Amino acid sequence: MPTPSPAALPIRRLTLRDLTACADLSEDRGWPREEHKWGFLLTAGRGYGIDAPDGGLVSACVVTDYGPQERPDLGAIGMVLVAERYARQGIGRRLMRHVVDSMGTTPLTLHSTPYGRPLYEELGFKVTGRAEMLRGRFTPSGSEPTVATRAATAEDLSALVRLDEEVFGADRTHIITRLPAFADQLRVAEENGRIVGYAGAWPNMDTQVVGPLIARDTETAKALIAALAAHADRPLRTDIDVRHDELLAWAKEHGLVSVAFNAVMTYGISELPGDWTRRFAPLTVAAG
């Protein structure tokens with residue numbers, strides 16, 4: 001029996017049962033397996049994939065919706081991967097077109113590597129920002145932070161949801177309420193009994209990723225990162241909006257180094273909603 005053309009293979013929804021296949025696909029392309037992150041994204045969002053005739057996945061991606069379920073305010077696309085043996089056959093383009101079409105009029109966003117950017121531009125995405133990935137062992141300065149932080153508690157969740165929606169510009173309740181189980185650490189910054197920022201640190205292979213990071217100002221963001229680092233046993237990694245140049249310079253002074261730049265791209269909107277001045281880093285670039 002002849003092998004079906006990749007162009008004829010059906011696109012289907014992925015579930016948690018596909019977790020190992022998704023991790024295998026990541027590894028096939030030289031990415032870390034990232035099972036912890038795949039599991040979170042497949043639970044909080046919707047996965048799409050194409051099965052390979054010889055087993056495994058030809059391609060996969062994940063979409064995370066924000067806002068009302070029946071009419072999302074924003075959709076974030078991430079983890080767009082094509083198996084090496086099927087590369088350069090238009091499969092990534094086909095999967096992306098399917099996802100964009102399935103989202104209708106919902107505005108979209110994604111973080112793109114330089115390699116993927118031409119495809120996304122062909123599909124109508126525009127570059128609207130940049131994020132710089134940092135990685136390294138955080139070196140404390142010895143001086144006390146100017147903003148008080150503490151570990152978050154279950155009683156903080158409703159306040160975090162409200163603050164997050166105000167800053168992010170769309171409801172992320174389904175993300176925020178999963179953070180206590182997903183993250184190793186979840187901390188809040190507080191002033192006069194009011195939460196003015198929060199950040200998580202979650203395990204990703206040999207690092208702890210700092211994100212989301214939402215803060216009233218740069219000093220609050222610094223205090224949250226320093227507090228997370230003090231309780232981390234692995235190097236930190238984070239993706240910071242390049243407009244936050246003061247925070248980037250401070251992080252580099254404390255041991256983190258620049259690894260890569262990603263383009264923040266949007267479709268259907270000229271810029272992301274919310275308040276970028278208080279939005280420092282995403283949960284993960286795969287979820288916007």
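Predicted model: local features only at pLDDT ≥ 70, side-chain atom pairs only at ≥ 80, totals over all residues.
Residues are numbered from 1 along each chain as its sequence is written, and side-chain values use heavy atoms, with hydrogens and water left out.

**View A. Packing of helix α1 against helix α2.** Helix α1 spans residues 19-28, and α2 spans residues 35-44; helices (H or I, at least four residues) and strands (E, at least two) are DSSP runs numbered from the N terminus. The two helix axes come within 10 Å and cross at roughly 130°. Axes are lines fitted to C-alpha atoms, for helices over the stretch in contact, and angles run from 0 to 180 degrees between N-to-C directions. The pair is therefore oblique, the class left once angles under 35 degrees (roughly parallel), over 145 (roughly antiparallel) and 65 to 115 (roughly perpendicular) are set aside. On the α1 side L19, C22, A23 and S26 meet E35, W38, G39 and L42 of α2, contact meaning heavy atoms within 4.5 Å.

View B. Of the 10 residues in α2, 7 are buried; buried means under 20% relative accessible area, exposed over 50% and partly exposed in between (1.4 Å probe, protein chains only). The buried set consists of K37, W38, G39, F40, L41, L42 and A44. A network of salt bridges links D24, E27, R33 and E35, a salt bridge being a side-chain nitrogen of Lys or Arg within 4 Å of a carboxyl oxygen of Asp or Glu.

View C. The structure holds 27 salt bridges. One of them joins the side chains of E122 and R93, at 2.8 Å from N to O. Because E122 belongs to helix α4 (residues 117-122) and R93 to helix α3 (residues 91-102), this pair ties together parts 29 residues apart in sequence. E122 is partly exposed at 45% relative accessible area, and R93 is partly exposed at 32%. A salt bridge also joins E190 and R150, at 3.0 Å from N to O. E190 lies in strand β8 (residues 185-191) and R150 in strand β7 (residues 148-151), so parts 40 residues apart in sequence are tied together.

**View D. Buried charged side chains.** D164 and R172 form a salt bridge, with closest N and O atoms 2.6 Å apart, and both residues are buried. R237, in strand β11 (residues 236-241), is buried without a salt bridge; E34, the nearest side chain of opposite charge, is 4.3 Å away. For charge, Lys and Arg count as positive and Asp and Glu as negative, while His and the chain ends are not counted. Apart from residues up to four places away in sequence, R237 touches residues including E34, M133, R135 and N204.

**View E. Surroundings of V147.** V147 is found in the loop between β6 (126-136) and β7, and is buried at 10% relative accessible area. Beyond neighbours within four places in sequence, V147 contacts A189, R216, E219, T220 and A223. V147 and K222 are 75 residues apart in sequence, with a C-alpha to C-alpha separation of 8.7 Å.
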